[in-house]
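Hello,

Here is the structure I promised to pass on to you. Please have a look at it first, and then read my notes below.

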Amino acid sequence: MTTHAGAIHHAEAPSGFIRKYIFSVDHKVIGTQYFCLALFSAFVGMYLSLLMRLRLAYPEIKLPFFSDGILPEQYLMMVTMHGTIMVFMVLTTAPQSGFGNYFLPIQIGAADMAFPVLNMLSFWTTFASMAVLMAAFFVAGGAPLGGWTFYTPLSAIGATAGPGQGLGATLWILSIALFCGASLMGAINFIATTLDLRARGLSLMRLPLTVWAWFITAVISLLAFGVLLAAGILLLLDRTAGTSFFVPGNLVITERVLTQYKGGSPILWQHLFWFFGHPEVYIAILPGMGVASHVLSTFSRKPIFGYRAMVFAMSAIAFLGFIVWGHHMFVSGMSPYVGLAFSVLTMSIGVPSAIKTFNWLGTLWGGNIRFTSPMLFALGFVSLFVSGGLSGLFLAQTSVDQYLHDTYFVVAHFHLIMGVAAIFGIFTATYFWFPKMFGRLMNEGLGKLHFWLSFIGVYAIFMPMHFMGLAGHPRRYADTSGAEYLQALQPVHVFVTFAAFITVAAQLIFVFNFLWSVWRGKKADINPWQATTLEWTVPSPPPHDNFAGRTPTVYRGAYEFSVPGVAEDYVLQSTPPDKVAKG
Amino acid sequence: MVRKRRNSGSTATALILALFLLFLTVSTVYFFVAKTWWFPEPINEIGKEIDRQFIRTLWITGVVFVLAQLGLGWALFRYRARRGQRASYSHGNNTMEVIWTLATLVMFVGLGIYAQRAWAEVRFKSAPADAMRIEVIGQQFKWSFRLPGPDGKFGKYKFEAHPDQEFTRDPWVVEASDPDGRDDIILGPGSVIAVPVNRPVELLIRAKDVTHSFFVRELRLKQDAVPGMTVPLQFTATQTGRYQVVCAELCGQGHHLMGTFLLVLSPEDYEKWLKEQAE
């Protein structure tokens, strides 16, 4: 493999606080910045979800800042912002831009990303995106209330459609546009880095599955985010420039007649949004799959089962992910013939997902399993991925989806697969790589406690929602007062709210453990987990240019555990064959 | 350095995790079997077919769920680290890969193809010529309906908007000069809608302002009401009763308050109801 020494200026480490920690071009600092942004965003998103859960369980509840209770429009603003923040600022940020930035270069033996300055720009653009999004809470009218899916015409016709649909909605669009730009920059960087900066001997089939996942995710991002950006621009034009891309003529809303629109299509927005939106959910989960594979292999002390099949499956998921978006639109008014096509294609995505699940189980089978914190979260990921993935099979079928669409069954499905499995992927990565990032260990006892409370808690929150959906409870309802049959589900709402509070409280254990361990954790060896990949050959934390000027050479695949005839039960990728101790 | 774990530590964790997965599996299966919270009985034939497809899907996903969760629990317990144990150095098994890929493909895609029958029945076929047509109009935050009257034909709409965008009445007006519209019956915002039992019905679903969605659980049918479009939805209700209609697409702050009712009436009761509406 070529080493492009010229592409990265062999760095003297930067000096000065601003260049070291604020406008750093070091991928490790940038990855940490992304991670911190995602952590902050996760707490904002969780706070919103707790308010939502309180309102659902106790619709009349009075709270600080809500002395007359939470109004339905405020509830919907929380729903919208919760979804937006969690999907974009947490799930699209931490797994890919956070851990990918930090560890992709190191795992391939590079000194930094291919384009360090672009990398820095992509972080600060993301930061600006979050700032603009947060601003929506504080402007006149408040935050938008149309859901993170922002369907038109509700999102296109301004404040006349509802509170928050004025300036708040415009800020949302601007925020998302910035996020799209940042993601496209990041995608270019990841792809160029993976293809060009691999160390000698590191062929594609020797890459850790984490690198494959980040690479494939970047390809998806590159192809999907442009469409969202275009859709956002068109929507902005509808709102401000008198166009009618998404708004038909002759609308009558709340005793106002809107005559400025002519002949646009609300369904067009859905097509554009979901053409991005479906690949987006694979962007959210693929890095977690990569980390899960990596960690399951490491702590089973066993090569990953079916490495090539894993690469194939991730690629198939990425490809198929682009041709199934219409399964969000079966009852949208779209042609039912097109619906049939999307339905059958969507069922086929279950196949590569099943391959991965079988291979994770196959990795454990015959292993020698160590139950460390990262391993527990990886095991939890597998369980949650199975649960969340299987409910998708119901929703993928046109005829069955007619009942389940826009009910809590959908909410259960996407929360288990995104809101939990992907989050467990983030936790797996955090516990696994913390020693490398900070040179200290997180507390194992607290890690286990965090795992148990979270694992049990998330099932307690989201399993009941399947049944609420089967009972016909629609999504995005501020309370159950509007339909008689919903009253019977009110006790379920209360149970879920209790589970949510306990589970969110458990996350404080994680935050405490994280912050405490950064400064006071037990010092970690260079390779505390006895793992095989290149990041475990450099100091903790790694120096500015990762490998101190010496590019490693790779001699074997990434998962050589329990090799017969070898003294240890693992072999680092970069240990020359004649240096591997026999035993 | 990984502390050499005492066997009991590893066993305790593995056991509790495996037992939790067992508990998860058993309790999930229980609630599906017991139907503690479930959909109501369908009131149309297609609803029954949709339910059968749901149950087929539930069987397949249920078996996979049980096997996967219990398999995970078993594997992590059986292969927990113990002194003297060494993992097997296997990179996989291509035969197994091929087998389970094909099996999954056949099962999932087969299930998906089979699901299209019920979809095609409702969505590909036109409503019968003698179907009763009813216009459904969604707006923030109530449903309205229009019946074509004895002539079975709807009058054309005219959109009369005042230039200053204020109005004192709904700009969607049935053209006075259109004879088809003379006997149209308009059931204003917040109305209840009725249909006769065992009669094919075709709903023509529209919206005035933003996207809504017309959903009746017992029919197993849902259709978005999209401004600028009229989307048909056909059904034949085979059981009398009073069935909740809810809005199933976020339409603003009153989204949860748009409920109304679909009445399925005997022919005599329907005639009575119709007479009342005409007044």
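**Notes on chains A and B**

In chain B, B:Val136 sits opposite B:Phe145 of strand β2. Please keep in mind throughout that this is a predicted model.

Strand β1 of chain B (residues 132–139) runs antiparallel to strand β2 of chain B (residues 142–147), and five bridges join the two. Both belong to an open sheet of five strands in chain B, with mixed pairing and the order β5-β2-β1-β7-β10. The edges are taken by β5 (185–187) and β10 (231–236) of chain B; each has a single partner strand, so one side of each has no neighbour in the sheet. From one strand to the next, the twist averages 25 degrees.

Now to chain B as a whole. Chain B contains four helices and 12 strands, and its C-alpha trace spans about 95 × 45 × 35 Å along the principal axes. The radius of gyration of chain B is 28 Å, whereas a compact globule of 279 residues would have one near 19 Å.

Where they touch, 11 residues of domain 1 of chain B are in contact with 13 residues of domain 2 of chain B. On the domain 1 side, helix α2 of chain B (residues 45–78) supplies the largest share, with four residues. By class, that side of domain 1 has seven nonpolar, two polar and two charged residues.

What about the contact between the chains? Here 102 residues of chain A are in contact with 93 residues of chain B. On the chain A side, helix α10 of chain A (residues 336–364) gives the most, with 15 residues. The chain A side divides into 61 nonpolar, 29 polar and 12 charged residues.

One more helix in chain A may interest you. Helix α14 of chain A (residues 444–470) has 27 residues, so at 1.5 Å a residue it should span 39 Å; the C-alpha atoms at its ends are 40 Å apart, which agrees. Just after α14 of chain A comes A:Gly472, with a positive phi of about 90 degrees.

Happy to go through any of this with you.

Best wishes

Terms used:
Residues numbered from 1 in each chain as written. Chains lettered and ligands numbered in written order. Predicted model: local features only at pLDDT ≥ 70, side-chain atom pairs only at ≥ 80, totals over all residues. Pairing = 2+ DSSP bridges. Axes fitted to C-alpha atoms, helices over the stretch in contact; angles between N-to-C directions. Contact = placed C-beta atoms within 7 Å. Nonpolar A, V, L, I, M, F, W, Y, C, P; charged D, E, K, R; others polar. Expected span 1.5 Å × (residues − 1). Rg over C-alpha atoms; globule rule 2.2 N^0.38 Å.
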